[in-house]
Amino acid sequence: MRVLLFALFQETWSLTTEGRTTYQLGQAVETTLFTAYVQMEVLEKTWTPSFFTNPTLPHSVRELIAISLTTVCAARHDGGFSCFCLPGHGWNVSLCYHHNSCHGSDYFRSCNCIIFQHPNTGYCQLLPPVPGTLNLDSSLPSPGSTLTLAMLLSHQATHLSWYLQPVENQTPVTLQSGTQVSLSAEKDRAFLTITNVSQDWAGRYVCRFESRGFQWELHQVVKVPLQADDVLGHPRQLSVSCNAFSAFQLRCCIPSTDLNYTVSWSPPNPSNATELLSRTSGPQCLTLVVPSCPENDTEYTCKLQSPGLDPVSIPVTISIVQDGDTTCPQDSLGGNWNATKAGLVAQIPCPANRTGVLERPCGARGTWGPVSSSCTDVRLVAMLHSAQLLLAGQGQPGKKVPQLMAQLREQVAVVSSPSDLLALSDTVKILAQVVTRSGTALHRQTLEDFLMATNDLLELDPNSLWAPAQAQAPSMSSAILQAVESLGGSLCSSDHPFHLTLPNVQLQTHLLGPVTPKDYSVSFSTHPPLRAKIPRHALAQLAWETGHVSITSVVLDKLGRILPRNYGQGVRDSLYAAPDLVLSNSIKDGNQTVTKVEIIMDFGGTKGTPTCVFWDHSLFQGAGAWSGEGCEAGAGEPGSTARCVCVHLTSFSVLMSPHSVPDSPTLTLLTQGGLGASIVALLSCLGTYRVVWRAVIRNKISYFRHVALLNVVLCLLAADTFFLGTSLLSLGPPSPLCPAVTFLCHFFYLAAFFWMLAQALVLAHQLLFVFHQLSKRHVLPVMFILGYLCPLGFAGAALGLYLPRGQYLREDACWLDGKGGALYTFVGPVLAIVGANGLVLAMAVVKLLRPSLSEGPQIERRQALLGVIKALFILMPIFGLTWVLGLATLMDGGNKIPHYLFTVLNTSQGIFILVFGCLMDKKVQQALLKQLCCVLPAVSAASLQATTDLSDLEGCSK
């Protein structure tokens, strides 16, 4: 072994000076202290500093005061030397940076040992006093608290950085600003603050800086107590049958920690050890063996104790199945399920290499429920944990992100459950957040790794994996799309252009400049084809800060079918087919991401009515939704091509609705004109009732009929007035009055229909119970409760349920939203009332056509038929059968005829009521003629009586 030693000699040398007093040979002798560095070569295999205590001195040296070794250099296999400094000495910074470090990674380069390639090496120098102190607010912070380290400097320092050497990792990790780490510095001090401290933040903290020509490292050790969540053990609840009992075991495992813990079970078992010191690496476990069946339900507790700390307890409940208990039998579906008491939730551990727990409820009647699994592959959990620590502030994104991206595709291959997919999607989302927060530029290989993993993700089964995973996390697929958007635009400028074609992912990037091109266009060989173009005038509006602009376009197939079927602003209430392709575009001007620019896209292979949309990640509580804001359909090329023009950048697609009807000015004019005419007719009806009211309510049947009809008129008048006002509110920006007006329209329209139902029920009673007399005192309260309280309940429930969720109002009108379910609180009752009124109408027709004992000649049959025809004309508009056409428009929106018929008939209900419900009534006509002083022709008493009876019957049926 060849070793070079550098020693610092402090010697006394003799100098002869003339003119001094001499003690020997008549000359004066002066002694001077010299310091020198000497290189020595040692060939022995072992050596100690004692070898140099009595060296042979040069003849000129009179006295050797001390020898201090500074540097030791050991020969390397490649011919060089690894030289390290002994305590109290260090390498000069300039010399350190010109040579490689003996050990440590590139980001934790230590100056204690450096490599020289020739024997004429340098030497370590004597260190000055440490130019600072590292203070720690608490070396034993409680979990969830905030930890602060303060570096106080006495001299100017540069290149100050922080590191953490975790308990189980010998390699220090760089600490940078993140979601839990914050760094700050002042003139003579620097601070490291960590929030929400856990076991991940226990270890040795290092503050490294340069000062006075040397590199300095100051250390502090932080220990974090364990929590119950840190303990790995058996499921917290077990069922044991004493009839088929065999000894069972309970296990309690703790991770590696710097603290000493004593672990014990209670109640204890004397045959088991009850102590465990957790100083070694890796988790350690204490197992409790229960040899005999407990008599009753028992709670076992694993207790962790450490000096000076509060104990940590982990309970495990054992439920004993007794004779006569209702139980779920032993089963092997998805695992080995023991017999379990009814009403309990059984838990079993996950299979090997998976973490989590399997749960299965046992019903009250002893039947097993479905298996719920949180089991996740340990490799996916470890990768997710690494990404979470990176986002929190542990590690360098520029080095760690490529490493994790390189593992992504391999991790996709192990996904076999919704929990696996959730863990992997969370990892992708976090990595995208890390890249965005740190501004990390990705190299081509890293971006390719990510896109290949995304391509494999989109191949996963949508029914068995994507659907149940999104049921647990509705924003999962939206997060994947957002990650593609952010990472796709993070490519290094030196790696442009870059093209990648995969079955489900296609990428094209371009670097424009320094001259602005005429137009930017890109096309993809997808099925159907897709093209995008950014006009030159839009590119000219960019800042061009660096002279170059990068544009990234990514097309994703199959993702549109996985995204939630949510629709936001600008998307009409209709049935849309899931989009085949999603186009994501991003522009970077220097370090700035451009979001506002005009882009033109052509989607081929489209059939039906297109709606241009983009994916808005902020809608539906983060789950995202398709929105049409800022996009409109343009004139596409001949053939089945949909052109979309948008004024912002994000992920776009086109929604195809084969049954949608474009906005029609004619329909709008018919609606407003019909409502105006209906309001005038209803006001005329009220004026007519003001004149003839006493004349038309001479008997109870007429009274009930006209009371119901009067309330129908009042409700329709209010509803039509408010609905006409909503068209004015819809023309401007969203109004705070919109929810109130929508509620009033909902209530009054429903009230009109419920009063129609009340009128029909009175008619049905009169047809079925001919000889039963109705009482005003009992019937009127029932009619008012049915006519106003029932619709108020439906309208109030819709307002209370759907308004807080943002699903009450349509985006383009002040009316009920059809996507969230609010519209069904109107359509459902209306259709039910129409059906009930239809039954009453059919019953009335049968009654009018049924022969009676007094049936006379053919002229009487003719009068009966005329009565039926009159009943049909009166009942059909009043009972709202026009809403059957409304149902037809919901079922098939592509046919314009139901839209026009429904609009004309429904907005003309006021006219129908005025004509058929009011003016065609003979009693009303007689009262009006009497008010006009007209004399009616004389009729015989018998004829008058017959006419009156028929009028009463028709009055019941109107």
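**Helices α5 and α7**

I began with the pair α5 (residues 444–457) and α7 (residues 476–488). I took helices as DSSP runs of H or I with at least four residues, and strands as runs of E with at least two, both numbered from the N terminus. The model is predicted, so I kept to its limits: local features need pLDDT of at least 70, side-chain atom pairs count only at pLDDT 80 or more, and totals for chains, interfaces and linings use all residues. Residues are numbered from 1 along each chain as its sequence is written, and side-chain values use heavy atoms, with hydrogens and water left out.

Two packed helices are described by the angle between their axes and the distance between the axes. I read a crossing of roughly 160° for α5 and α7, with axes that come within 11 Å. Axes here are lines fitted to C-alpha atoms, for helices over the stretch in contact, and angles run from 0 to 180 degrees between N-to-C directions. α5 and α7 are therefore roughly antiparallel. The scale I used calls angles under 35 degrees roughly parallel, over 145 roughly antiparallel, 65 to 115 roughly perpendicular and the rest oblique.

I noted the α5 and α7 crossing as left-handed. That means the near helix is turned anticlockwise from the far one by less than a right angle; clockwise would be right-handed. Next I listed the contacts (heavy atoms within 4.5 Å). From α5 come Leu 447, Phe 450, Thr 454 and Leu 457. They meet Ile 480, Ala 483, Val 484, Leu 487 and Gly 488 of α7.

**Helices α2 and α4**

I then looked up α2 (residues 378–392) against α4 (residues 418–438). Their axes are 9 Å apart, and the packing angle is about 25°. That makes α2 and α4 roughly parallel. On the α2 side, the contact residues include Leu 380, Met 383, Leu 384 and Ala 387. On the α4 side, I found Ala 423, Leu 424, Ile 430 and Val 434 among them. The crossing of α2 and α4 is left-handed.

**Disulfides**

How many disulfides does a search of the whole structure find? I got 11. A disulfide is a pair of cysteine sulfur atoms within 2.5 Å. I went through some of the pairs.

Cys 242 is joined to Cys 293, S to S 1.8 Å. Cys 242 sits in the loop between β17 (237–241) and β18 (248–254), and Cys 293 in the loop between β20 (284–290) and β21 (298–305), so this pair ties together parts 51 residues apart in sequence. The S-S torsion of Cys 242 and Cys 293 is about -55°, so I logged the disulfide as left-handed. Is Cys 242 buried or partly exposed? It counts as partly exposed, at 28% relative accessibility. My cut-offs were under 20% relative accessible area for buried, over 50% for exposed, and partly exposed in between (1.4 Å probe, protein chains only).

Cys 328 and Cys 362 have their sulfur atoms 2.1 Å apart in a disulfide. Cys 328 lies in strand β23 (residues 327–328) and Cys 362 in the loop between β27 (357–361) and β28 (372–373), so the pair links parts 34 residues apart in sequence. I read 100° about the S-S bond of Cys 328 and Cys 362, a right-handed link. Both Cys 328 and Cys 362 are buried.

Cys 350 pairs with Cys 375, S to S 1.9 Å. Cys 350 is in the loop between β25 (345–349) and β26 (354–355), and Cys 375 in the loop between β28 and β29 (376–377), so parts 25 residues apart in sequence are tied together. The torsion of Cys 350 and Cys 375 is about -90°, so that disulfide is left-handed. Cys 350 counts as buried at 14% relative accessibility. Cys 375 counts as buried at 3%.

I also checked two further cysteines. Cys 492 is buried at 11%. Cys 685 is buried at 0%.

**Two serines**

Ser 82 is in strand β4 (residues 81–85). I found Ser 82 buried, with a relative accessible area of 15%. Its side chain makes a polar contact of 3.0 Å with the side chain of Arg 76. A polar contact is a pair of N or O atoms within 3.5 Å; within protein, one must be able to donate a hydrogen and the other to accept it, and residues adjacent in sequence count only if both atoms are side-chain atoms. Leaving aside neighbours within four places in sequence, the contacts of Ser 82 include Val 72, Cys 73, Cys 102 and Cys 113.

Ser 523 is in strand β32 (residues 520–524). Ser 523 is partly exposed, at 45%. With neighbours within four places set aside, Ser 523 is in contact with Gln 508, Leu 530 and Arg 531. The C-alpha atoms of Ser 523 and Gln 508 are separated by 9.1 Å.
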